[in-house]
Amino acid sequence: MVVGLKTAAETSDGASLVENEIITERFRYINDEMKQIGTKEINNDAKENRMADVTRQEPIQTETVVDYGVCGEEFLQVLLEGATVPLNTQVPMNSRPPWMDAELMKKGREFGMKYLFGIVYAQMLSLAILFSFRGGLEPLIFTGKSGTPFTAFQRYLSTVFRVLSWYQSDVFDEDSEAHKNMAVVRNLHASISRRMNEANRDDLKSKVTLEGKEIWCTHLETLKKDLNEFKPDCLSCPFLEISSLARNDFTESGKVVYVNQLDLSVTQFGFVALGILYPQQFGVHDATEEDFRGFAHLWRCLGYLLGIEDRYNICSSEDLEVTRARCRAVIEKWAKPSLKEVTPDWEHMFRCVIEGISYYVPGNNFSVAVAYLLWVLDIPYSNLLAKMTWMERMLFHTHCFVLNYMMRIPGNLRFSNFLLNRSLRRARNPSIEWLREKREKVYDYQKLGSPTVGTGS
Ligand code: HEM
């Protein structure tokens, strides 16, 4: 890991100004282009809202407040219906839903900031779960914005800053950074939904897989040995019929709605579930139930703005135990059976996430991350552990020790957040040399010239 990065302005390499420009241009993906989209979206939203004001008989605030207290497995049935319901792009950005509780939301933001280190780690590991669902993985392969370690570095750095802004400022405040980022993300989702749903089926089929491309996949067989030993709670999972990576007949039948309410809700689960279900394992040791309720409420609001209808919003209940039961049901009935069917595409995409993030967070490692997730979810991981290097095993145990015990010591939480924030700031303002080195890095899987699927090292 490079420490002490210089900013682009500090570099004196005059000869490579043009190249610098190119690299900076690519990196601006995170900033300028997105800002513009954001402004456009805000303007569109403002227009939409003005129109909504004219056409709506009743303002949104007067709608009936319903507590969707549907619990656990019953909620999964509701979600299944959501697989055919598209993303709602018409939610007004500047009006608060009637159920919104400003105090609770503030508590949720404070929770996100206080336990940032562990919560970000939980969100990163959740990607392994989300990638085991077709609705979570295929759109990312389709856009091609995170299919290499370098692009994944850019993509997830951008994501973490956007999510951070939702913790730092009030997303309903039109002048806030959170509000601007929400507009950008809504626009990205609307765009991806439009592009995928309007695409020609054959065209789409080749764009949602990495088949025939260079794939970084070295641990799948070992992982499968662990996963095959494990018998999940649910063997005939209805969700797998539509979402398993290993079954590819659904696309052909033409029934898929991309970026649907089910996908959105399951992605929202990825931002909340591990933190509220396994707080100890993610460094959250002295939070109150009200803090967790606040965090779930914050994500209910963010989900609402992102176009999740309340019926499908995993955080829509005011009862924290209902939210926990829903998340638990997703893990036991869907995530665990889905993880058993992961593919080389899954390993490649998750590897890119981990490698991209390791550019600025030292100690981030694919095997360690997967082992930690399996440990948290109570899935066997002995074969994976046996394949890990001595260094990786040590890292794994260090992760366990730091998150489960060290974080209990006052000051450690703040210190970890400080280190994380510093790494993020540095990654956002990298030197041109550092950026070039990362961009030009060639991995073994890229050298071989053919897909490295299977057991290779
Ligand atoms: C609560 C649910 C969700 C949240 C909080 C969320 C969050 C985000 C964020 C923060 C970004 C910005 C990334 C950047 O700055 O580059 C983003 C972009 C994106 N999201 Fe989502 N997302 C959600 C649901 C989904 C779903 C359900 C899908 C697909 C089915 C999806 C697919 C994408 C894609 C394709 C992009 C564009 C960037 C890329 O191609 O990787 N998101 N999302």
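Which residues does Thr323 touch, not counting residues up to four places away in sequence? The legends below, all drawn from a predicted model, begin with this site.

Figure 1. Not counting residues up to four places away in sequence, Thr323 touches Ile276, Ala296, Ile314, Cys315 and Ser317. Thr323 is buried, because 30 other C-beta atoms lie within 10 Å and a count of 20 or more meets the criterion. The view also includes Gly72, which is 251 residues from Thr323 in sequence, with 8.3 Å between the two C-alpha atoms.

**Figure 2. Composition of the chain and its largest nonpolar core**. The chain contains 22 helices and zero strands. Of its 457 residues, 44% count as buried. Among contacts in the chain with a separation of 6 or more, 84% are between residues 24 or more positions apart. The largest nonpolar core has 110 residues, of which Leu125, Val272, Val330, Phe350, Val353 and Val370 touch the most other members. Helix H5 (residues 116-130) gives the most to this core, contributing 12 residues. In soluble globular proteins, nonpolar side chains tend to be buried together.

**Figure 3. Contacts of the core residue Leu125**. Once neighbours within four places in sequence are left aside, Leu125 is in contact with Leu274, Ala369, Tyr372 and Leu373. Leu125 is one of the core residues that touch the most other members.

**Figure 4. Packing of helix H13 (261-277) against helix H14 (residues 289-305)**. Two packed helices are described by the angle between their axes and the distance between the axes. For H13 and H14, the axes come within 10 Å and cross at roughly 175°. An angle over 145 degrees counts as roughly antiparallel, and H13 and H14 are therefore roughly antiparallel to each other. The residues of this contact comprise seven nonpolar, three polar and no charged. On the H13 side they are Gln268, Phe271, Val272, Gly275 and Ile276, which meet Phe292, Phe295, Ala296, Trp299 and Gly303 in H14. Val272 also belongs to the group of core residues that touch the most other members, and Ala296 is one of the residues touched by Thr323.

**Figure 5. The shell of residues around the ligand**. The shell has 23 residues, and Thr143, Lys145, Ser158, Thr267 and Gln268 come nearest to the ligand. By class, 10 are nonpolar, nine are polar and four are charged. At least two residues of the shell are supplied by each of helix H6 (134-143), helix H7 (149-168), helix H8 (177-198) and helix H13 (261-277). Gln268 of H13 also takes part in the contact with H14.

Figure 6. Is Val259 buried or exposed? Val259 counts as buried, because 23 C-beta neighbours lie inside 10 Å. With 11 other C-beta atoms within 10 Å, Asp378 is exposed.

**Figure 7. Leu240 in helix H11 (residues 238-243)**. Leu240 is buried, since 21 other C-beta atoms lie within 10 Å. Apart from neighbours within four places in sequence, Leu240 is in contact with Pro337 and Ser338. Arg134 is 106 residues from Leu240 along the chain, and their C-alpha atoms are separated by 9.4 Å.

**Figure 8. Asn228 and Glu290, each shown with a residue from another part of the sequence**. Asn228 is found in helix H10 (residues 220-229). With 11 other C-beta atoms within 10 Å, Asn228 is exposed. Asn228 and Pro380 are 152 residues apart in sequence, while their C-alpha atoms are 9.3 Å apart in space. Glu290 is in helix H14 and is partly exposed, with 13 other C-beta atoms within 10 Å. Leu104 is 186 residues from Glu290 in sequence and 8.1 Å from it in space, C-alpha to C-alpha.

Conventions
Residues numbered from 1 in each chain as written. Predicted model: local features only at pLDDT ≥ 70, side-chain atom pairs only at ≥ 80, totals over all residues. Near = placed C-beta within 6 Å. Helix = DSSP H or I, 4+ residues; strand = E, 2+ residues; numbered from the N terminus. Nonpolar A, V, L, I, M, F, W, Y, C, P; charged D, E, K, R; others polar. Buried ≥ 20, exposed ≤ 12 C-beta atoms within 10 Å, placed from the backbone. Contact = placed C-beta atoms within 7 Å. Core = buried A, V, L, I, M, F, W, Y, C linked by C-beta atoms within 7 Å. Axes fitted to C-alpha atoms, helices over the stretch in contact; angles between N-to-C directions. Parallel < 35°, antiparallel > 145°, perpendicular 65-115°, else oblique.
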